[in-house]
Amino acid sequence: MGRFLLFTFVLLSVLCLLPPKLVVALPLHTSSRWIVDEDGGRVKLACVNWPADKEAAVAGDLGHRPVGRISERIAAAGYNCVRLALPVLLAADESLASLTVRKSFQRRGLLDSLAGFEANNPSMLDLSLISAYQAVVSSLAENNLMVIIDSQLSSKPCFHGSGINPDLWVKGLTQLATMFSRVPNVVGMCLRNELRNVKDWYRFMQKGAEAVHSANPNVLVIISGLGDGTDLSFLLNQQLELTFTGKLVLEMHWRGLLAGRAWEIGNPNKVCGRVVNSLMRRGGVLLQKGWPLMVVNELGAEDNRHLKCFFGLAAEMDFDWALGTLEETNGLMDLKNSSFFQRISALQDAGPNASGNKHHIVISHPSTDQCILRKSLYEPLLLGPCTQSEAWGYTPQKTLKLKGTYFCLQAVGLGKPAKLSVICNLPGSNWEIGLGDSKMYLSTRLKDGTTVCLDADSSNHIVTNTCKCSSRDDMCDPGSQWFKIADISPYSPRHILQISLASSTWD
(Lines give C-alpha, C1' and ligand atoms only; values in the text may rest on other atoms or scores of the structure.)
Protein backbone atom coordinates (compact mmCIF):
# COMPACT_ATOMS: atom_id res chain seq x y z
CA MET A 1 0.00 0.00 0.00
CA GLY A 2 2.85 2.33 0.90
CA ARG A 3 4.54 1.71 -2.45
CA PHE A 4 1.29 2.46 -4.26
CA LEU A 5 0.89 5.79 -2.43
CA LEU A 6 4.52 6.68 -3.16
CA PHE A 7 4.02 5.86 -6.87
CA THR A 8 0.83 7.94 -6.95
CA PHE A 9 2.58 10.89 -5.30
CA VAL A 10 5.49 10.74 -7.77
CA LEU A 11 3.13 10.44 -10.75
CA LEU A 12 1.05 13.42 -9.67
CA SER A 13 4.19 15.45 -9.05
CA VAL A 14 5.41 14.73 -12.59
CA LEU A 15 2.03 15.60 -14.07
CA CYS A 16 2.02 18.91 -12.23
CA LEU A 17 5.31 19.81 -13.88
CA LEU A 18 3.95 19.22 -17.39
CA PRO A 19 2.86 22.33 -19.34
CA PRO A 20 -0.92 22.80 -19.29
CA LYS A 21 -2.88 22.07 -22.45
CA LEU A 22 -4.83 24.84 -24.10
CA VAL A 23 -8.21 23.34 -24.90
CA VAL A 24 -10.74 24.72 -27.35
CA ALA A 25 -14.07 25.29 -25.64
CA LEU A 26 -16.62 24.75 -28.39
CA PRO A 27 -18.69 26.17 -29.99
CA LEU A 28 -16.83 29.01 -31.66
CA HIS A 29 -17.93 32.59 -32.27
CA THR A 30 -16.41 35.83 -33.46
CA SER A 31 -15.20 38.85 -31.53
CA SER A 32 -14.38 41.70 -33.89
CA ARG A 33 -11.87 40.22 -36.39
CA TRP A 34 -11.05 37.15 -34.27
CA ILE A 35 -12.54 33.67 -34.05
CA VAL A 36 -12.68 32.73 -30.38
CA ASP A 37 -13.97 29.91 -28.20
CA GLU A 38 -16.47 30.09 -25.34
CA ASP A 39 -13.71 31.16 -22.94
CA GLY A 40 -12.65 34.05 -25.17
CA GLY A 41 -9.38 32.42 -26.26
CA ARG A 42 -8.46 32.87 -29.89
CA VAL A 43 -8.84 29.80 -32.12
CA LYS A 44 -6.77 30.26 -35.26
CA LEU A 45 -8.21 28.00 -37.94
CA ALA A 46 -5.38 26.24 -39.77
CA CYS A 47 -7.20 24.01 -42.22
CA VAL A 48 -6.48 21.68 -45.10
CA ASN A 49 -8.95 21.43 -47.99
CA TRP A 50 -10.41 17.94 -48.48
CA PRO A 51 -12.21 17.96 -51.86
CA ALA A 52 -14.94 15.58 -52.95
CA ASP A 53 -14.94 13.09 -55.78
CA LYS A 54 -17.21 15.04 -58.14
CA GLU A 55 -18.46 11.98 -59.98
CA ALA A 56 -19.12 9.57 -57.13
CA ALA A 57 -20.15 12.27 -54.60
CA VAL A 58 -17.90 10.93 -51.83
CA ALA A 59 -14.94 12.44 -50.02
CA GLY A 60 -11.88 12.27 -52.24
CA ASP A 61 -8.77 10.11 -51.77
CA LEU A 62 -10.66 7.29 -50.00
CA GLY A 63 -9.79 5.00 -52.90
CA HIS A 64 -6.10 5.38 -52.02
CA ARG A 65 -5.95 5.42 -48.20
CA PRO A 66 -8.04 4.34 -45.20
CA VAL A 67 -10.03 7.23 -43.77
CA GLY A 68 -8.39 6.82 -40.36
CA ARG A 69 -4.92 7.06 -41.85
CA ILE A 70 -5.82 10.25 -43.72
CA SER A 71 -7.19 11.81 -40.53
CA GLU A 72 -4.07 10.83 -38.60
CA ARG A 73 -1.79 12.36 -41.23
CA ILE A 74 -3.71 15.62 -41.25
CA ALA A 75 -3.37 15.92 -37.47
CA ALA A 76 0.32 14.91 -37.58
CA ALA A 77 0.98 17.63 -40.17
CA GLY A 78 -0.05 20.34 -37.70
CA TYR A 79 -3.50 21.23 -39.04
CA ASN A 80 -6.31 21.71 -36.53
CA CYS A 81 -9.13 21.86 -39.04
CA VAL A 82 -10.42 20.29 -42.27
CA ARG A 83 -12.46 22.13 -44.85
CA LEU A 84 -14.49 19.13 -46.03
CA ALA A 85 -16.32 19.44 -49.35
CA LEU A 86 -19.87 18.10 -49.32
CA PRO A 87 -22.30 18.54 -52.24
CA VAL A 88 -25.16 20.57 -50.83
CA LEU A 89 -27.63 18.78 -53.12
CA LEU A 90 -26.66 15.51 -51.46
CA ALA A 91 -28.66 16.66 -48.45
CA ALA A 92 -31.50 18.15 -50.48
CA ASP A 93 -32.02 15.09 -52.72
CA GLU A 94 -33.12 12.12 -50.57
CA SER A 95 -32.76 9.60 -53.39
CA LEU A 96 -29.15 10.66 -53.93
CA ALA A 97 -28.35 10.78 -50.21
CA SER A 98 -29.65 7.23 -49.69
CA LEU A 99 -27.63 5.80 -52.59
CA THR A 100 -24.82 3.57 -51.35
CA VAL A 101 -21.19 4.31 -52.09
CA ARG A 102 -20.95 1.06 -54.06
CA LYS A 103 -23.93 1.89 -56.27
CA SER A 104 -22.70 5.45 -56.80
CA PHE A 105 -19.43 4.11 -58.28
CA GLN A 106 -21.25 1.42 -60.29
CA ARG A 107 -23.77 3.82 -61.81
CA ARG A 108 -20.96 5.93 -63.19
CA GLY A 109 -18.90 2.98 -64.37
CA LEU A 110 -16.03 3.85 -62.02
CA LEU A 111 -15.00 0.27 -61.40
CA ASP A 112 -11.30 0.98 -60.80
CA SER A 113 -12.22 3.62 -58.23
CA LEU A 114 -14.66 1.17 -56.67
CA ALA A 115 -11.92 -1.46 -56.31
CA GLY A 116 -9.60 1.07 -54.66
CA PHE A 117 -12.32 2.17 -52.26
CA GLU A 118 -13.13 -1.43 -51.34
CA ALA A 119 -9.46 -2.19 -50.66
CA ASN A 120 -8.92 0.81 -48.41
CA ASN A 121 -12.32 1.49 -46.80
CA PRO A 122 -14.41 -1.70 -47.06
CA SER A 123 -16.57 -0.82 -44.04
CA MET A 124 -17.85 2.31 -45.80
CA LEU A 125 -18.65 0.74 -49.15
CA ASP A 126 -22.28 -0.15 -48.40
CA LEU A 127 -23.04 2.98 -46.41
CA SER A 128 -25.29 5.59 -47.95
CA LEU A 129 -23.45 8.56 -49.41
CA ILE A 130 -24.56 10.82 -46.58
CA SER A 131 -23.58 8.21 -43.96
CA ALA A 132 -20.15 7.94 -45.60
CA TYR A 133 -19.65 11.66 -45.06
CA GLN A 134 -20.71 11.29 -41.45
CA ALA A 135 -18.12 8.53 -41.07
CA VAL A 136 -15.41 10.88 -42.38
CA VAL A 137 -16.46 13.58 -39.90
CA SER A 138 -16.34 11.03 -37.06
CA SER A 139 -12.86 9.92 -38.10
CA LEU A 140 -11.68 13.52 -38.04
CA ALA A 141 -13.22 13.97 -34.58
CA GLU A 142 -11.30 10.93 -33.34
CA ASN A 143 -8.14 12.80 -34.28
CA ASN A 144 -9.25 16.03 -32.57
CA LEU A 145 -9.78 17.89 -35.83
CA MET A 146 -12.40 20.57 -36.31
CA VAL A 147 -14.48 20.41 -39.50
CA ILE A 148 -15.86 23.13 -41.74
CA ILE A 149 -18.49 21.76 -44.09
CA ASP A 150 -17.68 23.21 -47.51
CA SER A 151 -21.10 23.11 -49.11
CA GLN A 152 -20.14 25.02 -52.26
CA LEU A 153 -19.37 21.96 -54.40
CA SER A 154 -22.15 20.73 -56.64
CA SER A 155 -22.39 19.02 -60.00
CA LYS A 156 -25.36 21.22 -60.87
CA PRO A 157 -25.62 25.01 -60.64
CA CYS A 158 -28.25 26.46 -58.32
CA PHE A 159 -28.36 30.05 -59.44
CA HIS A 160 -27.76 30.21 -63.16
CA GLY A 161 -28.32 28.18 -66.29
CA SER A 162 -31.03 25.53 -66.23
CA GLY A 163 -30.08 23.93 -62.92
CA ILE A 164 -31.75 23.54 -59.54
CA ASN A 165 -33.46 26.61 -58.08
CA PRO A 166 -32.19 28.50 -55.01
CA ASP A 167 -34.96 27.12 -52.81
CA LEU A 168 -33.45 23.66 -53.14
CA TRP A 169 -30.06 25.12 -52.20
CA VAL A 170 -31.54 26.63 -49.03
CA LYS A 171 -33.22 23.31 -48.26
CA GLY A 172 -29.91 21.50 -48.63
CA LEU A 173 -28.13 23.96 -46.34
CA THR A 174 -30.87 23.59 -43.74
CA GLN A 175 -30.64 19.79 -43.87
CA LEU A 176 -26.85 19.85 -43.52
CA ALA A 177 -26.93 22.32 -40.64
CA THR A 178 -29.54 20.23 -38.86
CA MET A 179 -27.68 16.98 -39.49
CA PHE A 180 -24.49 18.26 -37.84
CA SER A 181 -26.14 20.35 -35.12
CA ARG A 182 -25.11 17.91 -32.37
CA VAL A 183 -21.67 17.10 -33.72
CA PRO A 184 -19.28 19.33 -31.76
CA ASN A 185 -16.27 19.15 -34.09
CA VAL A 186 -18.32 20.61 -36.97
CA VAL A 187 -17.61 24.26 -36.20
CA GLY A 188 -18.59 26.01 -39.43
CA MET A 189 -20.38 25.85 -42.76
CA CYS A 190 -19.25 27.50 -45.99
CA LEU A 191 -21.82 28.85 -48.43
CA ARG A 192 -21.18 28.47 -52.15
CA ASN A 193 -19.19 31.04 -54.13
CA GLU A 194 -20.67 30.82 -57.65
CA LEU A 195 -22.81 33.95 -57.63
CA ARG A 196 -22.02 36.52 -60.30
CA ASN A 197 -23.70 39.81 -59.34
CA VAL A 198 -24.02 41.85 -56.17
CA LYS A 199 -27.83 41.91 -56.09
CA ASP A 200 -28.08 38.11 -56.12
CA TRP A 201 -25.24 37.86 -53.59
CA TYR A 202 -27.06 39.94 -50.96
CA ARG A 203 -30.33 38.15 -51.60
CA PHE A 204 -29.13 34.55 -51.52
CA MET A 205 -26.32 34.88 -48.97
CA GLN A 206 -28.83 36.38 -46.56
CA LYS A 207 -31.25 33.50 -47.14
CA GLY A 208 -28.55 30.86 -46.86
CA ALA A 209 -26.94 32.36 -43.76
CA GLU A 210 -30.25 32.73 -41.94
CA ALA A 211 -31.23 29.17 -42.83
CA VAL A 212 -27.95 27.74 -41.50
CA HIS A 213 -28.06 29.75 -38.28
CA SER A 214 -31.69 28.92 -37.63
CA ALA A 215 -31.03 25.19 -38.00
CA ASN A 216 -27.71 25.20 -36.14
CA PRO A 217 -26.87 28.34 -34.13
CA ASN A 218 -23.57 26.81 -32.97
CA VAL A 219 -21.72 26.85 -36.29
CA LEU A 220 -19.83 29.71 -37.87
CA VAL A 221 -21.47 30.88 -41.09
CA ILE A 222 -18.69 31.35 -43.64
CA ILE A 223 -19.48 33.22 -46.86
CA SER A 224 -17.35 34.07 -49.87
CA GLY A 225 -17.76 36.79 -52.46
CA LEU A 226 -18.05 37.26 -56.19
CA GLY A 227 -15.55 36.40 -58.89
CA ASP A 228 -14.76 32.85 -57.77
CA GLY A 229 -14.61 34.00 -54.19
CA THR A 230 -12.06 36.77 -54.75
CA ASP A 231 -14.17 39.92 -54.34
CA LEU A 232 -15.85 41.14 -51.14
CA SER A 233 -15.14 44.83 -51.70
CA PHE A 234 -18.84 45.66 -52.06
CA LEU A 235 -19.25 45.05 -48.31
CA LEU A 236 -17.37 48.29 -47.69
CA ASN A 237 -20.42 50.15 -48.99
CA GLN A 238 -23.25 47.94 -47.78
CA GLN A 239 -23.16 45.34 -45.02
CA LEU A 240 -25.05 42.07 -45.15
CA GLU A 241 -28.11 42.43 -42.92
CA LEU A 242 -28.60 39.42 -40.63
CA THR A 243 -30.69 38.78 -37.54
CA PHE A 244 -27.76 37.19 -35.68
CA THR A 245 -24.31 38.37 -34.64
CA GLY A 246 -21.03 36.77 -33.61
CA LYS A 247 -21.11 33.97 -36.17
CA LEU A 248 -20.31 35.48 -39.58
CA VAL A 249 -16.88 34.86 -41.12
CA LEU A 250 -15.80 36.11 -44.55
CA GLU A 251 -13.82 33.93 -46.96
CA MET A 252 -11.52 34.91 -49.83
CA HIS A 253 -9.85 32.62 -52.36
CA TRP A 254 -6.17 33.09 -53.18
CA ARG A 255 -6.11 30.92 -56.33
CA GLY A 256 -8.33 33.22 -58.35
CA LEU A 257 -5.95 36.13 -57.77
CA LEU A 258 -3.10 34.39 -59.61
CA ALA A 259 -3.31 35.37 -63.27
CA GLY A 260 -1.94 32.97 -65.87
CA ARG A 261 1.75 32.04 -65.63
CA ALA A 262 2.79 35.19 -63.79
CA TRP A 263 4.63 33.29 -61.06
CA GLU A 264 6.56 31.25 -63.62
CA ILE A 265 7.71 34.05 -65.90
CA GLY A 266 7.39 37.26 -63.88
CA ASN A 267 9.59 38.99 -61.34
CA PRO A 268 8.37 37.41 -58.05
CA ASN A 269 8.78 40.65 -56.14
CA LYS A 270 6.47 42.47 -58.55
CA VAL A 271 4.01 39.59 -58.94
CA CYS A 272 3.68 39.23 -55.17
CA GLY A 273 3.02 42.94 -54.88
CA ARG A 274 0.25 42.78 -57.50
CA VAL A 275 -1.40 39.75 -55.89
CA VAL A 276 -1.32 41.19 -52.37
CA ASN A 277 -2.60 44.58 -53.54
CA SER A 278 -5.43 42.84 -55.38
CA LEU A 279 -6.40 40.79 -52.33
CA MET A 280 -6.35 43.82 -50.05
CA ARG A 281 -8.33 45.93 -52.50
CA ARG A 282 -10.92 43.21 -53.11
CA GLY A 283 -11.61 42.48 -49.45
CA GLY A 284 -8.49 42.04 -47.33
CA VAL A 285 -9.00 45.58 -46.05
CA LEU A 286 -12.16 44.30 -44.31
CA LEU A 287 -9.91 42.45 -41.86
CA GLN A 288 -8.41 45.77 -40.80
CA LYS A 289 -11.93 47.11 -40.28
CA GLY A 290 -12.83 44.38 -37.79
CA TRP A 291 -14.28 41.61 -39.97
CA PRO A 292 -13.07 38.03 -39.38
CA LEU A 293 -11.51 36.73 -42.61
CA MET A 294 -10.40 33.29 -43.74
CA VAL A 295 -8.17 32.98 -46.81
CA VAL A 296 -8.46 29.76 -48.83
CA ASN A 297 -5.39 28.76 -50.84
CA GLU A 298 -5.93 25.60 -52.89
CA LEU A 299 -2.50 25.63 -54.47
CA GLY A 300 0.06 23.19 -53.17
CA ALA A 301 3.52 22.72 -51.77
CA GLU A 302 5.23 22.69 -55.15
CA ASP A 303 4.13 26.25 -55.94
CA ASN A 304 7.02 27.63 -53.93
CA ARG A 305 7.16 31.21 -55.21
CA HIS A 306 3.54 31.97 -54.49
CA LEU A 307 3.71 30.24 -51.10
CA LYS A 308 6.45 32.59 -49.91
CA CYS A 309 4.20 35.50 -50.83
CA PHE A 310 1.18 33.87 -49.16
CA PHE A 311 3.11 33.11 -45.98
CA GLY A 312 4.39 36.69 -45.86
CA LEU A 313 0.88 38.11 -46.00
CA ALA A 314 -0.38 35.50 -43.52
CA ALA A 315 2.36 36.45 -41.05
CA GLU A 316 1.54 40.14 -41.34
CA MET A 317 -2.27 39.92 -41.35
CA ASP A 318 -2.57 36.89 -39.02
CA PHE A 319 -5.71 35.63 -40.74
CA ASP A 320 -7.28 32.18 -40.50
CA TRP A 321 -6.56 29.98 -43.50
CA ALA A 322 -7.19 26.78 -45.45
CA LEU A 323 -4.30 25.47 -47.51
CA GLY A 324 -3.62 22.91 -50.24
CA THR A 325 -5.66 19.82 -51.03
CA LEU A 326 -5.41 16.18 -50.05
CA GLU A 327 -5.12 15.22 -53.72
CA GLU A 328 -1.54 16.50 -53.76
CA THR A 329 -0.09 13.19 -52.60
CA ASN A 330 3.48 14.34 -53.26
CA GLY A 331 2.93 17.54 -51.33
CA LEU A 332 0.72 17.99 -48.31
CA MET A 333 0.12 14.30 -47.59
CA ASP A 334 3.77 13.30 -47.95
CA LEU A 335 5.08 13.39 -44.39
CA LYS A 336 8.64 13.23 -45.70
CA ASN A 337 8.18 16.84 -46.78
CA SER A 338 9.22 17.93 -43.29
CA SER A 339 10.27 21.48 -44.19
CA PHE A 340 6.82 22.25 -45.58
CA PHE A 341 5.13 20.88 -42.47
CA GLN A 342 7.38 22.98 -40.24
CA ARG A 343 6.29 26.04 -42.19
CA ILE A 344 2.57 25.41 -41.87
CA SER A 345 2.95 24.41 -38.22
CA ALA A 346 4.59 27.77 -37.51
CA LEU A 347 1.96 29.54 -39.61
CA GLN A 348 -0.73 28.08 -37.36
CA ASP A 349 0.64 29.99 -34.39
CA ALA A 350 -1.10 33.17 -33.33
CA GLY A 351 2.33 34.37 -32.29
CA PRO A 352 4.64 33.90 -29.34
CA ASN A 353 3.43 34.96 -25.92
CA ALA A 354 0.14 36.11 -27.42
CA SER A 355 -1.59 36.00 -24.05
CA GLY A 356 -0.55 39.51 -23.00
CA ASN A 357 -2.28 42.74 -23.83
CA LYS A 358 0.91 44.66 -24.71
CA HIS A 359 1.52 45.35 -28.39
CA HIS A 360 4.73 43.90 -29.78
CA ILE A 361 6.11 42.48 -32.99
CA VAL A 362 8.28 39.68 -34.31
CA ILE A 363 10.45 39.69 -37.43
CA SER A 364 9.11 36.84 -39.55
CA HIS A 365 10.83 35.14 -42.52
CA PRO A 366 8.10 33.90 -44.91
CA SER A 367 10.34 31.53 -46.89
CA THR A 368 10.91 29.42 -43.79
CA ASP A 369 8.05 30.74 -41.66
CA GLN A 370 10.53 31.26 -38.85
CA CYS A 371 11.54 34.35 -36.93
CA ILE A 372 14.77 36.15 -35.99
CA LEU A 373 16.14 34.87 -32.66
CA ARG A 374 19.17 35.60 -30.53
CA LYS A 375 21.02 32.78 -28.78
CA SER A 376 23.29 35.10 -26.82
CA LEU A 377 25.11 38.41 -27.20
CA TYR A 378 28.14 36.61 -28.58
CA GLU A 379 26.46 34.36 -31.16
CA PRO A 380 25.07 35.41 -34.57
CA LEU A 381 21.39 36.12 -34.95
CA LEU A 382 19.58 33.26 -36.65
CA LEU A 383 16.18 31.99 -37.73
CA GLY A 384 14.20 29.76 -35.40
CA PRO A 385 10.67 28.97 -34.18
CA CYS A 386 8.55 32.09 -33.86
CA THR A 387 7.28 30.79 -30.52
CA GLN A 388 10.80 31.41 -29.17
CA SER A 389 11.09 34.94 -30.51
CA GLU A 390 11.48 37.85 -28.14
CA ALA A 391 9.37 40.94 -28.65
CA TRP A 392 10.73 43.64 -30.94
CA GLY A 393 9.74 47.26 -31.26
CA TYR A 394 10.08 49.68 -34.20
CA THR A 395 10.90 53.16 -32.95
CA PRO A 396 10.17 56.59 -34.50
CA GLN A 397 13.92 56.71 -35.25
CA LYS A 398 13.43 53.59 -37.41
CA THR A 399 15.48 51.32 -35.17
CA LEU A 400 14.45 47.72 -34.47
CA LYS A 401 14.91 47.15 -30.73
CA LEU A 402 14.44 44.13 -28.52
CA LYS A 403 11.80 45.27 -26.04
CA GLY A 404 12.94 45.58 -22.47
CA THR A 405 16.59 45.98 -23.54
CA TYR A 406 18.90 48.57 -25.04
CA PHE A 407 19.80 46.32 -27.97
CA CYS A 408 18.99 47.27 -31.55
CA LEU A 409 19.51 45.47 -34.88
CA GLN A 410 22.55 46.73 -36.75
CA ALA A 411 24.13 46.01 -40.15
CA VAL A 412 27.93 45.84 -40.11
CA GLY A 413 28.83 45.35 -43.76
CA LEU A 414 28.07 43.68 -47.06
CA GLY A 415 27.96 39.90 -46.63
CA LYS A 416 28.55 40.14 -42.89
CA PRO A 417 26.32 38.96 -40.01
CA ALA A 418 23.87 41.47 -38.60
CA LYS A 419 24.33 42.05 -34.89
CA LEU A 420 22.81 43.55 -31.78
CA SER A 421 24.30 46.80 -30.52
CA VAL A 422 23.58 49.28 -27.74
CA ILE A 423 24.84 52.17 -29.88
CA CYS A 424 21.78 52.76 -32.04
CA ASN A 425 22.64 56.04 -33.75
CA LEU A 426 25.32 54.62 -36.05
CA PRO A 427 24.90 53.97 -39.80
CA GLY A 428 23.27 50.59 -40.37
CA SER A 429 20.92 50.98 -37.39
CA ASN A 430 18.02 52.74 -39.13
CA TRP A 431 15.81 50.31 -41.04
CA GLU A 432 13.29 50.97 -43.78
CA ILE A 433 10.58 48.35 -43.58
CA GLY A 434 8.13 47.09 -46.19
CA LEU A 435 10.11 48.19 -49.24
CA GLY A 436 9.76 46.91 -52.81
CA ASP A 437 6.61 45.85 -54.63
CA SER A 438 6.21 42.94 -52.23
CA LYS A 439 6.71 45.24 -49.22
CA MET A 440 8.86 42.54 -47.65
CA TYR A 441 12.37 44.01 -47.59
CA LEU A 442 14.18 45.44 -44.55
CA SER A 443 16.96 47.74 -45.76
CA THR A 444 19.50 50.13 -44.27
CA ARG A 445 22.47 52.25 -45.37
CA LEU A 446 26.03 51.47 -44.34
CA LYS A 447 28.65 54.08 -43.44
CA ASP A 448 29.85 54.27 -47.06
CA GLY A 449 26.30 54.88 -48.32
CA THR A 450 25.75 51.34 -49.64
CA THR A 451 22.16 50.09 -49.31
CA VAL A 452 21.89 46.53 -47.99
CA CYS A 453 18.96 44.27 -47.24
CA LEU A 454 18.52 41.87 -44.38
CA ASP A 455 19.13 38.31 -45.60
CA ALA A 456 19.20 34.72 -44.34
CA ASP A 457 22.15 32.61 -45.49
CA SER A 458 22.17 28.86 -46.18
CA SER A 459 22.75 28.19 -42.47
CA ASN A 460 19.80 30.40 -41.47
CA HIS A 461 22.12 33.03 -39.99
CA ILE A 462 21.05 36.65 -40.40
CA VAL A 463 23.35 38.66 -42.67
CA THR A 464 23.09 41.74 -44.91
CA ASN A 465 23.58 41.65 -48.68
CA THR A 466 22.81 43.61 -51.85
CA CYS A 467 19.03 43.74 -52.31
CA LYS A 468 17.74 41.11 -54.74
CA CYS A 469 15.20 41.41 -57.56
CA SER A 470 15.28 45.19 -57.60
CA SER A 471 15.72 45.13 -61.39
CA ARG A 472 13.67 43.45 -64.12
CA ASP A 473 15.34 40.06 -63.51
CA ASP A 474 12.44 37.60 -63.75
CA MET A 475 14.48 34.56 -62.74
CA CYS A 476 15.71 35.93 -59.40
CA ASP A 477 14.54 34.47 -56.09
CA PRO A 478 14.11 37.11 -53.37
CA GLY A 479 12.83 34.63 -50.79
CA SER A 480 15.85 34.75 -48.48
CA GLN A 481 15.47 38.54 -48.17
CA TRP A 482 11.73 38.63 -47.59
CA PHE A 483 10.91 39.57 -44.00
CA LYS A 484 7.69 40.71 -42.41
CA ILE A 485 7.11 42.74 -39.28
CA ALA A 486 4.28 40.74 -37.72
CA ASP A 487 2.02 42.09 -34.97
CA ILE A 488 1.13 39.80 -32.11
CA SER A 489 -2.52 38.92 -31.53
CA PRO A 490 -4.08 40.18 -28.28
CA TYR A 491 -5.94 36.90 -27.84
CA SER A 492 -4.63 33.80 -26.10
CA PRO A 493 -4.43 31.09 -28.80
CA ARG A 494 -5.99 27.65 -28.42
CA HIS A 495 -4.21 24.94 -30.41
CA ILE A 496 -5.43 21.68 -28.90
CA LEU A 497 -8.92 20.40 -29.51
CA GLN A 498 -10.43 17.80 -27.21
CA ILE A 499 -13.71 16.39 -28.43
CA SER A 500 -16.04 14.14 -26.52
CA LEU A 501 -17.17 11.58 -29.08
CA ALA A 502 -19.91 10.48 -26.71
CA SER A 503 -21.56 13.85 -27.20
CA SER A 504 -21.74 13.47 -30.98
CA THR A 505 -25.16 12.47 -32.24
CA TRP A 506 -26.63 12.52 -35.71
CA ASP A 507 -30.04 14.02 -36.42
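Trp254, Phe310, Phe311 and Phe319 form one aromatic cluster, where rings of Phe, Tyr and Trp (its six-membered ring) pair if their centres lie within 6.5 Å, and planes under 30 degrees apart count as stacked, over 60 as edge-to-face and the rest as tilted. The model is predicted, so local features need pLDDT of at least 70 and side-chain atom pairs count only at pLDDT 80 or more, while totals for chains, interfaces and linings use all residues. Residues are numbered from 1 along each chain as its sequence is written, and side-chain values use heavy atoms, with hydrogens and water left out.

As a whole, the protein has 14 helices and 24 strands; helices (H or I, at least four residues) and strands (E, at least two) are DSSP runs, numbered from the N terminus. Of its 507 residues, 54% count as buried, a word that stands for under 20% relative accessible area, with exposed over 50% and partly exposed in between (1.4 Å probe, protein chains only). Among contacts between residues at least 6 apart in sequence, 71% join residues at least 24 apart; a contact here means heavy atoms within 4.5 Å.

The aromatic rings come next. The structure holds eight aromatic pairs. One of them joins Tyr79 and Trp321, whose ring centres are 6.2 Å apart and whose planes stand at 65°, so this pair is edge-to-face. Tyr79 sits in the loop between helix 2 (67–76) and strand 6 (81–85), and Trp321 in strand 12 (residues 320–325), so the pair ties together parts that are 242 residues apart in sequence. Both Tyr79 and Trp321 are buried. The rings of Tyr202 and Phe234 are also edge-to-face, because their centres lie 5.7 Å apart and their planes at 70°. Here Tyr202 belongs to helix 9 and Phe234 to the loop between helix 10 (226–229) and strand 10 (248–253), so parts 32 residues apart in sequence are tied together. Tyr202 counts as buried at 12% relative accessibility, and Phe234 is buried with a relative accessible area of 10%.

Now to the helices. The axes of helix 8 (residues 166–179) and helix 9 (residues 198–215) come within 8 Å and cross at roughly 25°; axes are lines fitted to C-alpha atoms, for helices over the stretch in contact, and angles run from 0 to 180 degrees between N-to-C directions. Helix 8 and helix 9 are therefore roughly parallel to each other, since angles under 35 degrees count as roughly parallel, over 145 as roughly antiparallel, 65 to 115 as roughly perpendicular and the rest as oblique. Residues of helix 8, including Trp169 and Leu173, meet residues of helix 9, among them Phe204 and Met205. The residues of this contact divide into 10 nonpolar, three polar and one charged (Ala, Val, Leu, Ile, Met, Phe, Trp, Tyr, Cys and Pro count as nonpolar, Asp, Glu, Lys and Arg as charged, and the others, Gly among them, as polar).

Helix 2 and helix 7 (residues 129–142) pack at an angle of about 45°, with their axes 9 Å apart, and are therefore oblique to each other. Val67, Gly68, Ser71 and Ile74 of helix 2 make the contact with Val136, Ser139 and Leu140 of helix 7. By class, this contact has four nonpolar, three polar and no charged residues.

Finally, Val24 is placed in the loop between helix 1 (2–17) and strand 1 (29–31). At 5% relative accessibility, Val24 counts as buried.
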